[in-house]
Amino acid sequence: MTCREMVEFLMGFTNGELPPAQARVFEQHLDLCPPCLDYLESYKTTVQLGRDVCMAPDGPPPDEAPAELIEAILAARKAPS
């Protein structure tokens, strides 16, 4: 599995939807590719932050949300459609 292929299966892997054989190949790639492992962790964090925000859309942002991300979201809200 290449890094590009790994990205194609990312959502299925994190949701537990890959067939066992395909999940093993995915995990083997992660064992050999630290950048993809970092990407997976970043993806999981991003998904969790998105879920947290949706649970309390009017509440404060999560403490672990990067300031740059918050600024980008606020700027996008102000931008004309």
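Helix axes here are lines fitted to C-alpha atoms, over the stretch in contact, and angles run from 0 to 180 degrees between N-to-C directions. This is a predicted model, where local features need pLDDT of at least 70, side-chain atom pairs count only at pLDDT 80 or more, and totals for chains, interfaces and linings use all residues. Residues are numbered from 1 along each chain as its sequence is written, and side-chain values use heavy atoms, with hydrogens and water left out.

**View 1. Helix α3 packs against helix α4 (residues 34-55).** The two meet at an angle of about 115°, and their axes are 5 Å apart. That makes α3 and α4 roughly perpendicular to each other (65 to 115 degrees; under 35 is roughly parallel, over 145 roughly antiparallel and the rest oblique). On the α3 side the contact is made by H29, L30 and L32, and on the α4 side by P34, C36, L37 and L40. Contact means heavy atoms within 4.5 Å. Helices are DSSP runs (H or I, at least four residues), numbered from the N terminus.

View 2. H29 is buried, with a relative accessible area of 11% (buried is under 20%, exposed over 50%, partly exposed in between, using a 1.4 Å probe and protein chains only). A polar atom of the H29 side chain sits 3.0 Å from the backbone oxygen of M1. Leaving out residues up to four places away in sequence, H29 touches M1, T2, C3, M6 and C36.

**View 3. One aromatic pair is found in the structure.** The partners are F13 and F26, and their rings are stacked, at 4.1 Å centre to centre with 20° between the planes. F13 belongs to helix α2 (residues 10-14) and F26 to helix α3, so the pair ties together parts that are 13 residues apart in sequence. Both F13 and F26 are buried. For the cut-offs, rings of Phe, Tyr and Trp (its six-membered ring) pair if their centres lie within 6.5 Å; planes under 30 degrees apart are stacked, over 60 edge-to-face and the rest tilted.

**View 4. A65 sits in the loop between α4 and α5.** A65 is buried, at a relative accessible area of 15%. Setting aside neighbours within four places in sequence, A65 is in contact with L49 and I70. T45 is 20 residues from A65 in sequence, and 9.3 Å away in space, C-alpha to C-alpha.

**View 5. Q22 is another residue of helix α3.** Q22 is partly exposed, with a relative accessible area of 28%. Between Q22 and E41 there are 19 Å, C-alpha to C-alpha, and the two are 19 residues apart in sequence.

**View 6. Confidence along the protein chain is lowest in helix α5 (residues 67-78) and highest in α3.** For the protein chain, the mean pLDDT (the predictor's confidence in each residue, from 0 to 100) is 87, and 96% of residues reach 70 or more.

Technical notes. A polar contact is a pair of N or O atoms within 3.5 Å; within protein, one must be able to donate a hydrogen and the other to accept it, and residues adjacent in sequence count only if both atoms are side-chain atoms.
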